Amino acid sequence: MSKVMYEYTKSVLERVSFDPVLFCKELEKAIKALLPYEIELLREWLLDFIVEKPELKQCLIIVNH
């Protein structure tokens, strides 16, 4: 079940990536719902994802706390 939540989180983040504010809000929600190892996976995914979207770099601080 948890893997489903992780994949769902990624799909939501991809869909809202046009708006950095909305992206950060969804990321904050995801951090509350995911398990610690999933947060680490999400952090790695984000590092790859924001390479093409530097406007989202500010949101990395959310997963680094």
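What separates glutamate 40 and arginine 43 in helix α3? Being three residues apart in that helix, glutamate 40 and arginine 43 are separated by about one helical turn. The points below concern a predicted model.

1. Glutamate 40 and arginine 43 form a salt bridge, with 2.3 Å between the closest N and O atoms. Glutamate 40 counts as partly exposed, at 35% relative accessibility.

2. Lysine 3 is exposed, with a relative accessible area of 51%. Glutamate 7 is partly exposed at 35%. Lysine 10 counts as buried because its relative accessibility is 17%, and the cut-off for buried is under 20%. In the whole structure, a search finds four salt bridges.

3. The nonpolar core. The largest nonpolar core has 19 residues, and Phe23, Leu27, Leu42, Trp45 and Leu46 are those with the most contacts inside it. At least two residues of this core come from each of α1 (2-15), α2 (20-33), α3 (36-49) and α4 (60-63). Helix α3 gives the most, with five residues.

4. Aromatic pairs. The structure holds two of them. In one, the ring centres of phenylalanine 23 and phenylalanine 49 are 6.2 Å apart and the planes are at 10 degrees, so the pair is stacked. This pair links distant parts of the chain, as phenylalanine 23 is in helix α2 and phenylalanine 49 in helix α3, 26 residues apart. The pair of tryptophan 45 and phenylalanine 49 is also stacked, at 4.7 Å centre to centre and 15 degrees between the planes.

5. Phenylalanine 23 is buried at 0% relative accessibility, phenylalanine 49 is buried at 17%, and tryptophan 45 is buried with a relative accessible area of 14%.

6. Tryptophan 45 and its contacts. Leaving aside neighbours within four places in sequence, tryptophan 45 is in contact with Tyr6, Lys10, Leu13 and Glu14.

How values were computed:
Residues are numbered from 1 along each chain as its sequence is written. This is a predicted model: local features need pLDDT of at least 70, side-chain atom pairs count only at pLDDT 80 or more; totals for chains, interfaces and linings use all residues. Side-chain values use heavy atoms; hydrogens and water are left out. A nonpolar core is a set of buried Ala, Val, Leu, Ile, Met, Phe, Trp, Tyr and Cys residues joined through side-chain atoms within 4.5 Å. Buried means under 20% relative accessible area, exposed over 50%, partly exposed in between (1.4 Å probe, protein chains only). Helices (H or I, at least four residues) and strands (E, at least two) are DSSP runs, numbered from the N terminus. Contact means heavy atoms within 4.5 Å. Rings of Phe, Tyr and Trp (its six-membered ring) pair if their centres lie within 6.5 Å; planes under 30 degrees apart count as stacked, over 60 as edge-to-face and the rest as tilted. A salt bridge is a side-chain nitrogen of Lys or Arg within 4 Å of a carboxyl oxygen of Asp or Glu.
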